[in-house]
Amino acid sequence: MVQKAKILLVDDRPENLLALEAILSALDQTLVRASSGEEALKALLTDDFAVILLDVQMPGMDGFETAAHIKRRERTRDIPIIFLTAINHGPHHTFRGYAAGAVDYISKPFDPWVLRAKVNVFVDLYQKNVRLAEQARLLGEGLDGELGDPGASRQLLPELSDLLASVEEQADALARDVAENGGPAVVSGVGRLERRIAGLRRALDALDPVGSATSSGVE
């Protein structure tokens, strides 16, 4: 069963949060409320989120400042941010949003279908990334077991190689999706995962150089 993704909704007006929950409830994910930038940053200390919907105009810490804090933190810098604003903004205002790290910028009133579709893209990317990371972790543990016992049977190696090939294929597909829809922050996160998978492949090839040569077409 795929674990539900968490979506952070940040707006100082309760009626706006209710509207967002009504729109996004069809995605069947976990919706987390924050009524200020400070509350949002507190939620981000402990939970992982697939995407953040962030109101621009809030008293105290506004959306731009909140986004700046999010992007400065190692733990949260790669979380996609969609800015929501009621301001009739010009190009400069929009540029400020993208400069703050937003992957999208939506004006109110927005089309519920469009917003839900955009959020669903990031939920799907997040869940694929989580599954790939878990598979990479399990592969890493399998490789560690092989390395820790030089005399262990090599029967596990073909299974690990097949599983890793599947992970590599999924990572390639995810990278293509991200290149089209993910924005720079998500691309960076997937890039790190791809490098980890490449490291696992090198470690597996080092354990079974004969198998790696055969799979490469070397006799």
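How much space lies in the second largest pocket? In this predicted model, in which local features need pLDDT of at least 70, side-chain atom pairs count only at pLDDT 80 or more, and totals for chains, interfaces and linings use all residues, that pocket holds about 160 Å³. Residues are numbered from 1 along each chain as its sequence is written, and side-chain values use heavy atoms, with hydrogens and water left out.

A pocket is here an open set of points on a 1 Å grid over the protein atoms alone, where a 1.4 Å probe fits and protein lies on both sides within 12 Å along at least five of seven lines, and lining residues have an atom within 4 Å of a point; the volume is the space filled by probe spheres set on the points, which are joined across faces, edges and corners. The second largest pocket is lined by 10 residues, of which Gln3, Lys4, Ala5, Tyr126 and Val130 are the closest to its centre. Helix H5 (residues 112–148) contributes the most to this lining, with 4 residues, helices (H or I, at least four residues) and strands (E, at least two) being DSSP runs numbered from the N terminus.

An open sheet is formed by 5 strands in the order S2-S1-S3-S4-S5, with parallel pairing, where two strands pair if DSSP finds at least two bridges between them. Strand S2 (30–34) and strand S5 (104–107) are the edge strands, each pairing on one side only. Neighbouring strands of the sheet are turned against each other by 20° on average, direction ignored, the axes being lines fitted to C-alpha atoms (for helices over the stretch in contact) and angles running from 0 to 180 degrees between N-to-C directions. Helix H1 (residues 14–24) packs on the sheet and touches S1, S2, strand S3 (51–55) and strand S4 (81–85), its direction making about 170° with that of S2; contact means heavy atoms within 4.5 Å. Strand S1 (residues 6–10) pairs with S2 in the parallel sense over 5 bridges, and valine 10 has alanine 34 in S2 as its bridge partner. Helix H3 (residues 63–72) lies across S3, S4 and S5 and runs at about 175° to S4.

Lysine 108 and proline 109 are joined by a cis peptide bond with omega of about -5°, and proline 109 lies in the loop between S5 and H5. Aspartate 28, in the loop between H1 and S2, has a positive phi near 60°.
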